[in-house]
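Colleague: I would like to learn how to read a structure, one feature at a time. Please give me the general idea, then the case here.

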Amino acid sequence: MNRIPWKPILRQLWLPTLVFVVLLVSTADSTSFYFPPLTEVLDALWNQLLHGGLFEDLLFSLRNIVLGLALATAVGVGAGLVIGEIRTLRLATAPLLDFARATPTVGFVPVIILTLGIGSGPKVFLIFLGSVWPILLNTISGVQAISPAVHETARGYRIPWALRLRRVILPGALPQILAGVRVALSIAVVLMVVSEIYGSPDGLGSFILRSGSSFHVADTWAGTILIGILGYVLSMLLLLVEHRLLGWYHQRAPRVRSPRPVRTPGADKTANTGSTESIKSNGVVV
């Protein structure tokens, strides 16, 4: 029977639990309009999820994040493997990639809404546009970090280029690819909120905007907390996928230095004598 790993769980949960208890106690007697008690915020969150339509807004936002991030992962990994493998293409696209990385994606929100409308498609496209760059750049960096001996061995065995990308280059670059996906996830959550605040009737961003405009402070805080919970849950799911795919990477045995042999007085002399006699008896001179 498998035992529950309580120690790792406690190491990860003691600080969030402490923060929750401190906020619960410190805001219990709050009379501020802008900082209501935490119990009131939690009640508002529960009621909105059950009866206020917040659950539908959550599903709308979650669908946009998943679609945008999945599209960004497919395009970023595919293009990154090709660009990272072909040096001429990598040098040609470097200025464009640097320009795109330095351009804030939030600045495209008004243009995208103006040209594509306020439906779900423009929000997915905006999430894709902001999330694809860290995945693409990390994939290129991961391909370049692979040892040249691996490339030479694959070419020496005349492995086809497509098969080499899928079975050699992709596994070698996977740790940095997943690191880029984690960065892209945080960007996707931010862009999800921004895109729904500007011109959207649905989603968590729209819920926060409506609640704030109506001075429903508890509902506004409830929506903000729900966004944080959503980002945390998606991050934990991504870490589980990473540990599933990179078990060989996270569970490598550490290098252990072999202990030095203990020498006793006269041991070297005995060993040398024994080895000399062995050499003489065999008639071999080393």
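Colleague: Is Asp57 buried or exposed?

Modeller: Asp57 is buried, at a relative accessible area of 5%. Buried means under 20% relative accessible area, exposed over 50%, and partly exposed in between, with a 1.4 Å probe and protein chains only. Before going on, note that this is a predicted model: local features need pLDDT of at least 70, side-chain atom pairs count only at pLDDT 80 or more, and totals for chains, interfaces and linings use all residues. Residues are numbered from 1 along each chain as its sequence is written, and side-chain values use heavy atoms, with hydrogens and water left out.

Colleague: With which residue does Asp57 form a salt bridge?

Modeller: Side chains of opposite charge can pair when their charged atoms come close. The cut-off for a salt bridge is a side-chain nitrogen of Lys or Arg within 4 Å of a carboxyl oxygen of Asp or Glu. Here Asp57 meets Arg210, at 3.4 Å from N to O. Asp57 belongs to helix H3 and Arg210 to helix H9, so the pair ties together parts that are 153 residues apart in sequence. Helices are DSSP runs (H or I, at least four residues; strands are E, at least two), numbered from the N terminus. Arg210 is partly exposed, with a relative accessible area of 37%.

Colleague: How many salt bridges does the rule give?

Modeller: The count is 4. One of them joins Glu85 and Arg164, whose closest N and O atoms are 3.5 Å apart. Glu85 is in helix H3 and Arg164 in helix H8, so this pair ties together parts 79 residues apart in sequence. Both Glu85 and Arg164 are buried. Asp98 and Arg101 also meet in a salt bridge, at 3.0 Å from N to O. These two both lie in helix H4 (residues 87-102), 3 residues apart, about one turn of the helix.

Colleague: How many residues are in the largest nonpolar core?

Modeller: In soluble globular proteins, nonpolar side chains tend to be buried together. A nonpolar core is a set of buried Ala, Val, Leu, Ile, Met, Phe, Trp, Tyr and Cys residues joined through side-chain atoms within 4.5 Å. The largest has 38 residues, and Ile65, Met192, Leu204 and Leu230 have the most contacts inside it. Helix H8 gives the most to this core, with 12 residues. Another core, of 5 residues, lies apart from it and includes Val109 and Ile112.

Colleague: How many aromatic pairs are found?

Modeller: The search of the whole structure finds 3. Rings of Phe, Tyr and Trp (its six-membered ring) pair if their centres lie within 6.5 Å; planes under 30 degrees apart count as stacked, over 60 as edge-to-face and the rest as tilted. Phe33 and Tyr34 are edge-to-face, with 5.2 Å centre to centre and 85 degrees between the planes. Phe35 and Trp221 are tilted, at 6.0 Å and 40 degrees.
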